[in-house]
Each structure stands twice: as C-alpha cells, then as structure tokens.
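Visitor: I have a model open and would like to learn how to read it. Please take me through a few features.

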Amino acid sequence: MPSLKINLVRLPLLSRFKTSFGTETHRCGLILRLRGDGVTAYSECVASSNPYYSYEDNDTALHIIRDHLGKLVRDFPSPDEFLERATTVKGHNMAKAAVEMLLWDFHSKRKMKPLHKMLGESKGHADVGISLGIDRTGVMVKRVGEALKRGYKRIKVKIEKGKEYDIVRAVRASFPEIPLSADANACYSVRDVHLLRRLDRFNLLYLEQPLDHDDLIYHARLRKEISTPICLDESISSVDKALKAFEVGAADVVNIKPGRIGGLTNSLEVIRVVRKNKGHVWIGGMLETGIGRSFNIALASHKLVDYAGDTSPNEKYFERDIVKNPFVMRYGIIRPNSGPGIGIEIDERFLGKMTIRSWAA
Ligand code: OSB
Ligand code: MG
C-alpha cells in the first residue's frame, strides 16, 4: 500500500535571516515522505509560514497537497505524468514541486541511480555562493569576509529600499574585486530607477528581482536604464514566464528555484530556455533543510548551470539538521550525493522531535 506522509517541521535558524520582506528566525516547512514498492522517498516544500515571498505558505501548500495532489501519486506516476495530471490545479507551484520532486526521488531510488545523473549531463559538482541577510553594515562586511575565507565563489547581499547604497558601498569598499550581487526581493517600484542607478558604479554581477514579484515589463524597461545586469527570481514562476522574460528583454540572469517553478522537470526546461537566449542561470535556495538542499545541489550540478548558486551547506543555517549526512563544501564546491535518489540519510528521531504536526494524505 502506498503511503504519503506530511510532517510540518520547525527548526531554529542559527541567526535571524532578514530580507526586504521580513525576518525569519525559524525554518518552518513541510517534509513529504512517500513509501511503496520497497522505496522510501522524501521531499520538502519550500513554502514557509508566511506568504511574503510569494502567495503560497505552509497552510495553502498543505491544503493543496493533502486535498488535491496526494491522490494523484497513488500509482507512483513519473514526474512528467504527475505534472500532466496536476494541470487541473492552477498555480500552487510550491505544492506541486514538493510532490514532483518526491517522485523524482522515488523513481531515482527505484532505478538505484543518484538524482543528479537522472537530470541529464552532470558536472559532478555545484559551484557555491552565499546569500547574506540584511544587518548593520559593519556586521554584513564582517560576514562577507568570513564567507570569503570559507571559499564561497560568489557573495550575495540582501538589500532594502533606502539602504541599498550604504550596504553595497560598504561591502565593495572592503572587497573591491569579489563576485558580488544584491537581492532586493521585489522592494522597488519603477519610480525608484534613480536609487538603482546609483548601484551601477559598484560593478555588481547582477541585481536580483528589484521590481514587483510578478513583473516582466517594468524590469525590461529598467534593464535599459541601468548598466547592472538584471537577475529574475520571483517573476520566473513558469517556463512560459521564462520565455516571455527573454522575449521582452527583462532579464540577463535567472535564479531557478525548483520549488517556485513546479519542480525539476520545469526547472530543466527553464535552464534550456535561459541558455538558448544567451542568459546565465544559477540555482537558488529557500533556507531549506538538508532534504530540500539535496534537490538544489543535484540540479546545480547540471552541465548547463553556469553561475554559482545559493546552495550553501546547511551548517550556515542550522545547528543540527534533520539529515545525518549534510553537505560539505570544499573550495567553494559541493558534490551531489552518490547514493540512489537524493542520497540523504534522514535522522528520523530528530525529524520526529522537530515535527509540530503530521498528516497522512
Ligand atoms: O530571494 O533568494 C531569495 C531565502 C528565502 C526567500 C527568498 C530568498 C532566500 C535566499 C536564501 O536568498 C538563499 C539560501 O537558501 O541560502
Ligand atoms: Mg532572490
């Protein structure tokens, strides 16, 4: 008998993570487990306890998975087949992605193949950058220095409206040459071009999602008005949005989060769309536990992913993770697990301890 279990876990973060939309002190998310045919698969839904990054949160994702998507996986469809069935549900990509990735893990394990090899041609490693939350500029500069010492290949600082210039200037003044980017998480409007133009002098690799979470058109306009390349995160919620972004000239770079795009199948397609349009692509993160991270690392190892992503090892976020074999970064790279599927060993006892509620779907 197939069984789908959903656990809501709550793990304290080592330090608070501040973005322009809010401050996180915990990772509160859904862990999915699918059992059947002698296989146990896991995945993580990237939604959190609030709808500040996008409209989904843990409650909407739980509802969609438990009441609509769960029944579509009883015969263990392929990820493709599942997505086809799930087209009746509009939107809710994070919920869909959690189930789609669960099936990727399931089928990779059934074939006894590591996930990164199921996804296409793998480089065998992911290039790793770090995402640093907003803090006092002195603290941010110190954190950048520590991250560089640990070998991170790219530093991204979160910015917010009115503080962008001071944050980026302080980091650039201390580290004139490093690969540096800034992530606004959609806090500017088209009337703020003058603020963003002032960042042009800092030679950023790109500016991530300056404008509205759903926008393409104003990003295309902004892209002509500043010299810093534009990277889209929130706005690229589907393959269709990726195609349109390049059609209207809204982006130079795309941050792919499989959770935002409905899973790995769509992510692979977006990667192809971006590279075909001569854009650059990297894999982002959503403060996931080691389970969610393992999917990101597998995808970030894909041959066509050309920029370092936000795939820091989880010691950055958690004192203790719910996996027994967390990723280790050396010289700014992480190797995907070589075991079947995501290759993660779950710490079931600790997972149980961190679980607030669970459901069978
Ligand atoms: O915009 O990339 C983002 C975390 C939560 C929500 C949005 C974002 C982020 C990050 C964290 O930047 C990246 C990571 O998981 O290491
Ligand atoms: Mg972002």
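Visitor: What spacing do the donors of the magnesium ion (ligand 2) follow along the chain?

Guide: The spacing is D-x24-E-x24-D. Donors are N, O and S atoms within 2.8 Å of the metal (3.2 Å for Na, K and Ca); water is not among the atoms, so sites may look incomplete. Here the protein donors are Asp183 (OD), Glu208 (OE) and Asp233 (OD), lying 2.1 to 2.3 Å from the ion. Glu208 sits in strand S8 (residues 207-208), and Asp233 in the loop between strand S9 (230-232) and helix H9 (239-248), 25 residues apart. Helices (H or I, at least four residues) and strands (E, at least two) are DSSP runs, numbered from the N terminus.

A word on the source: this is a predicted model, where local features need pLDDT of at least 70, side-chain atom pairs count only at pLDDT 80 or more, and totals for chains, interfaces and linings use all residues. Residues are numbered from 1 along each chain as its sequence is written, chains are lettered from A and ligands numbered from 1 in the order written, and side-chain values use heavy atoms, leaving out hydrogens and water.

Visitor: Is Glu208 buried or exposed?

Guide: Buried means under 20% relative accessible area, exposed over 50%, partly exposed in between (1.4 Å probe, protein chains only). Glu208 counts as buried because its relative accessibility is 0%. Asp233 is buried too, also at 0%.

Visitor: Which residues of helix H1 are buried?

Guide: Start with the general idea. An α-helix has 3.6 residues a turn, so residues three or four places apart point the same way. In H1 (residues 58-69), the buried ones are Asn58, Ala61, Leu62, Ile64, Ile65 and Leu69. They cover an arc of only 165° around the axis, so they lie on the same side of H1. The arc is that of the directions from the helix axis to the C-beta atoms.

Visitor: What do the buried residues of H1 pack against?

Guide: Contact means heavy atoms within 4.5 Å. Their partners include strand S1 (3-19), helix H3 (93-110) and strand S13 (355-360).

Visitor: Where is Ser235, and what does its side chain reach?

Guide: Ser235 is in the loop between S9 and H9. Its side chain reaches the backbone oxygen of Asp215 at 2.7 Å. A polar contact is a pair of N or O atoms within 3.5 Å; within protein, one must be able to donate a hydrogen and the other to accept it, and residues adjacent in sequence count only if both atoms are side-chain atoms. Ser235 counts as buried, at 0% relative accessibility.
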